Amino acid sequence: LSKRTAHTKQPVQDLPERAASRLWKPWQKWVVSVLVAAHLFVVFWSPLAFNSRPSPEEASPLVMTLMGIVEPYADFFYLNQGYAFFAPDPGPSHLIQYTVDKGASTETPIVERRFPGLHRQFPRLYYHRHFMLAEWWNAGFEPPPVAETPQQFVRRRELYELLKESYARHLAHELGVDSVTVERLRHRQPSPYEFLDNEIRMGIDDERLFEVLSDDLPPQLENLPNESANPERRQDSPLLLPPLGPVIPYDVPREVVPTPGTLPESVPTPESVPLPSAESDS
Amino acid sequence: MKNSKATKAGSVDSEPSLFQAATDAAYRWCVDFGSDWDNFWFAPRKASTLALMRICAGWMLFYTHFIWTINASEFLGPHAWITRDVSQKMAEQVWVWTYFWYFDHPLALLAANLVALFIFAAMTVGWKTRYVTVAAWLISLMYIHRLQGSLFGLDQMNVFLAMYLAFAPCGDRWSVDAWLRNRRGQPAPLAKTSATVATRLLQIHLCVIYLFGGISKLQGTMWRDGSAVWFAISNLEYQSLNMTWLVYFPWLIAALSHATVFWETFYCALVWPARTRPFVLAIAVCVHGGIALFLGMPTFGFIMIVANMAFLSPSFVDAVGNRVAGLMGRKAAA
């Protein structure tokens, strides 16, 4: 490689310094070229793997097989990223609402708060860390936009419960109480119509935009972690999970708080989304 | 190899066969590719741009970890949001390791945090840069692997920059190392090949980040119907400056949404030609400046602008640096 350097078509940057600089030997260039190519392969392949699952049933076998090989390197050096900033859509925020009980003697809550809170957490980076804790916990519950096997689902649910306990223990310690109840809270944005309409007049901090999310599974999924109850399900079969909420149209007049009964027929409710049955797997 | 054997033998009129023409073309392509590759990766380059990036990235690493340090009990301590055992459980199926899994005593955490802050400060000022940049990279990975759950784009970019600066001669300029070298009367370092390799890796990795950022957005309905910017600025938890008045200009919201997707997707192609590069980088400053000012992520916005500095030529950075130094010198003299 180095022998050809002097005959390149393009002018070399900083030519005066170049003459006196320490040029690399050909073998050094070959070694570095191979290492650079291998590294860039991982850099490119990791986000590609995130984007190679167009639906829960489909995943590119080529991408996933090669990703399995480079995974240790990508994981340790934190290259295992999808780079999906505000994507696929800028979705609603997820917060945590916590309630402190006085104790076993009474059920009256003495504290009911939400976090993150801009007024309690400063500077902004500190606030954002709490925001991410809430989002991360919610991501453990909500179906990811990728294929998932029953084992992956069970593991994700275990981690969700572990995080819930960990957050509750932390809050109980901070507040000096015995127990704290934590819940997920979704805060969606108003559509422009909701924001502008004179009757609805929904500001971005409107209480109608907040919704406490349940930890209950849809009925079809309740027995899922118990593999013995579903012996015919293939262990590696992908899992199709129902969406947790209706799709919010952008600029269309609609109910302020949509309920399953008022949804248009085209929007699937959790009950209407079928799970892959044992027959369809076979 | 350029002329066929038949021509050398004297048969002037004979045309090279199709096979010979194809092999000649393939050979020439390989030669050109080799020299282009060589020039792209191994033409020595001054380290001015990397030095500027070192100062900015070092400062952001210091600030990020300063926030961890003053809140160590909340994020790393025995009663942390995510305790050590839960953190280890979360990492069971990924290939990560961190020394923070083995202790959470407040004094031990304080010691570890102070060491980390010292390393990041040394990186910022450029003292023993060759060693502290490698240490800064590895230490930032240790925090990342322990603090899974409270991370976001800032942490990805911190590690991204620390990784490539660890292998770059980024202490050659604007550093304590350079100041000490001048005091000893040693000559200034020349352009280096390692500076080019690090710069190219930064540039290509950044292109991959934007490419997949764009591809991910193309999968969303809001980015395609032009409403995404509204749903970003109307998110109360992100908002730092109220921009909801944009709702009265839906065409502007749509234009910003579409421009963001096009810019991200085609960044990897348009940032290389000299003619389009200034526009692409100017848009980067606007987009990330907007995120910093309006969407409550000044740290993330800043670090993305720092990452884009990889596309500034060392001579441009030198010219700006000399101008600033000249102005400061005049001010000091006055």
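Visitor: What makes the charged end of Arg173(B) count as sitting over the ring of Trp174(B)?

Guide: A charge sits over a ring if NZ of Lys or CZ of Arg is within 6 Å of the ring centre and within 35 degrees of the ring normal. The charged end of Arg173(B) sits over the Trp174(B) ring, 4.8 Å from its centre. Arg200(B) does likewise with the ring of Phe40(B), at 4.1 Å from the centre. A word on the ground rules: this is a predicted model, where local features need pLDDT of at least 70, side-chain atom pairs count only at pLDDT 80 or more, and totals for chains, interfaces and linings use all residues. Residues are numbered from 1 along each chain as its sequence is written, chains are lettered from A and ligands numbered from 1 in the order in which they are written, and side-chain values use heavy atoms, with hydrogens and water left out.

Visitor: What makes Asp318(B) and Lys46(B) a salt bridge?

Guide: The definition asks for a side-chain nitrogen of Lys or Arg within 4 Å of a carboxyl oxygen of Asp or Glu. Here the closest N and O atoms are 3.2 Å apart. Asp318(B) lies in helix H16 and Lys46(B) in the loop between H2 and helix H3 of chain B, so the pair ties together parts that are 272 residues apart in sequence. Helices (H or I, at least four residues) and strands (E, at least two) are DSSP runs, numbered from the N terminus. Asp318(B) has 7% relative accessibility and is therefore buried, while Lys46(B), at 24%, is partly exposed.

Visitor: Which side chain of chain A meets Asp38(B) in a salt bridge?

Guide: That is Lys29(A), at 3.0 Å from N to O. The pair crosses between chains, from helix H2 of chain B to helix H2 of chain A, and both residues are buried.

Notes
Buried < 20%, exposed > 50% of the residue type's maximum accessible area, 1.4 Å probe, protein only.
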